Amino acid sequence: MRFGSNIAVLTSDRFPGGTSTALATEIPSLIKAGLKTLYSPGLNMFRGLPANPHLANVAKRLDIEICSEFQVISARTVILHNPLIFKFDQAVDFRIVCENFICVMHENLTYPNGMDRFEYERILTLLDNIVECRTFIIAPISGVSRSFIPPLPSEFEVAQLDWNNIVDGEMVAPKTEPEDRRGRHSRPGMEKWPSIADLRFCFAAGESFILGADYIRNHDHGLQNATFYNYGELPVDKFLSKFDFFVYFHSSSWRESFGRVISEAICAGKVVITHEYLRKTFGDSCLYASPEEVDGIIETHVSNPASFIEQVTQSQAAMTQFSRESFEEKWFPYIT
């Protein structure tokens, strides 16, 4: 069978956050493997939203076509970045012909309580109806993502490798004299933020900087030493320059499938304190604790700058598992 190209990507170019950032970072590697076209159909999930500017700029700079009107996607390997794009569509008017179809799971399929997050069985059935392929591969993006994949029908193969985000940001050297200055950011959805009580454990002491917790500003949060910024008010790199400790906890109803904000903080030279379950993704790159333990951890590292430097150095060294070279070594044998 002849194909239109070696690799094609199917996604929405309107994802406002992590999916678009991860794909934009990945595009240079996919070009090396033969990518020429990114397909972004007009589905209902993000109808009316503008294109993600970061993804659009990368595609333009690297001369990748973004195609929104088509009847057939034909390539040796078709990579779907995030099946969530089909959440509000019962059917589509295109089909996909390929040897290898790789469905990259940017979202956990279930919630921590086991509930279905986005009708994944219906979406997989929809894909099965429009995809003509030899292998249909489910690719989790982390150990956490993998742990939320329930048993699936035999026609869907779960990859043994994780389709990790590529993290290739510049590594900023740790401060030699850290201060008790804490921060965190994420989009403003309430699932991304912990209870007010846990926020107080994390940010009541020291000087704190919080970006994206828009709703909290209207509550009696009791964080007298915290400076709040609305989501999008500051560029992430400028925000991260304001503190030394990235303290990341969220609602008990949520689990990060990857946690790109954590990788950004590590690259920026921060000590990251977060949930124990994220050890499945980040290994030695973070400190794992409960909100109640945050003050003691920060006090230890402020009073002993050598331990702060050692932790940041260790964290950044461990990030090589998410390097571009590691991604290409793992996945090029399957997609080229």
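1. Tyr248 sits in strand E14, which covers residues 245-248; helices (H or I, at least four residues) and strands (E, at least two) are DSSP runs, numbered from the N terminus. At 0% relative accessibility Tyr248 counts as buried, where buried means under 20% relative accessible area, exposed over 50% and partly exposed in between, with a 1.4 Å probe and protein chains only. Not counting residues up to four places away in sequence, Tyr248 touches Arg184, His185, Ser186, Lys192, Glu256, Val261, Ile262, Ile273, Thr274 and His275, a contact being heavy atoms within 4.5 Å. The C-alpha atoms of Tyr248 and Pro194 are separated by 9.0 Å, although the two residues are 54 apart along the chain.

2. A word on the basis of these values: this is a predicted model, in which local features need pLDDT of at least 70 and side-chain atom pairs count only at pLDDT 80 or more, while totals for chains, interfaces and linings use all residues. Residues are numbered from 1 along each chain as its sequence is written, and side-chain values use heavy atoms, with hydrogens and water left out.

3. Ile262, one of the residues touched by Tyr248, belongs to helix H7, and seven of the eight residues of this helix (residues 260-267) are buried, so H7 is largely enclosed by the rest of the structure. The buried residues are Arg260, Val261, Ile262, Ser263, Ala265, Ile266 and Cys267. After H7 comes Gly269, whose phi is positive, near 85 degrees.

4. Which residues have the most contacts inside the largest nonpolar core? They are Trp163, Phe246, Ile262, Phe282 and Ile335, in a core of 53 residues; a nonpolar core is a set of buried Ala, Val, Leu, Ile, Met, Phe, Trp, Tyr and Cys residues joined through side-chain atoms within 4.5 Å. Leaving aside neighbours within four places in sequence, Ile262 is in contact with Phe246, Tyr248, Val272, Thr274, Leu278, Phe282 and Cys286.

5. Ala289 is found in the loop between strand E16 (287-288) and helix H9 (294-303), and at 16% relative accessibility it counts as buried. Apart from residues up to four places away in sequence, Ala289 touches Phe249, Ile273, Thr274, His275 and Ile297; of these, Ile273, Thr274 and His275 are also touched by Tyr248. The C-alpha atoms of Ala289 and Val167, which are 122 residues apart along the chain, are separated by 24 Å.

6. Asn82 has a positive phi of about 85 degrees, lies in the loop between strand E5 (77-81) and strand E6 (95-97), and counts as buried at 0% relative accessibility. Glu119 has a positive phi of about 55 degrees, is placed in the loop between strand E7 (100-105) and helix H3 (120-130), and counts as partly exposed at 41% relative accessibility.

7. Lys87 is also in the loop between E5 and E6, but at 28% relative accessibility it counts as partly exposed. Leaving aside neighbours within four places in sequence, Lys87 is in contact with Met45, Arg117, Phe118, Arg122 and Ile123. Its C-alpha atom is separated by 9.1 Å from that of Leu43, 44 residues apart along the chain.

8. Is Ala173 buried or exposed? Ala173 is exposed, with a relative accessible area of 60%, and it lies in the loop between strand E10 (157-158) and strand E11 (181-185).

9. Along the principal axes, the C-alpha atoms fill a box of roughly 65 × 40 × 35 Å. Of the contacts with a separation of 6 or more, 71% are between residues 24 or more positions apart.
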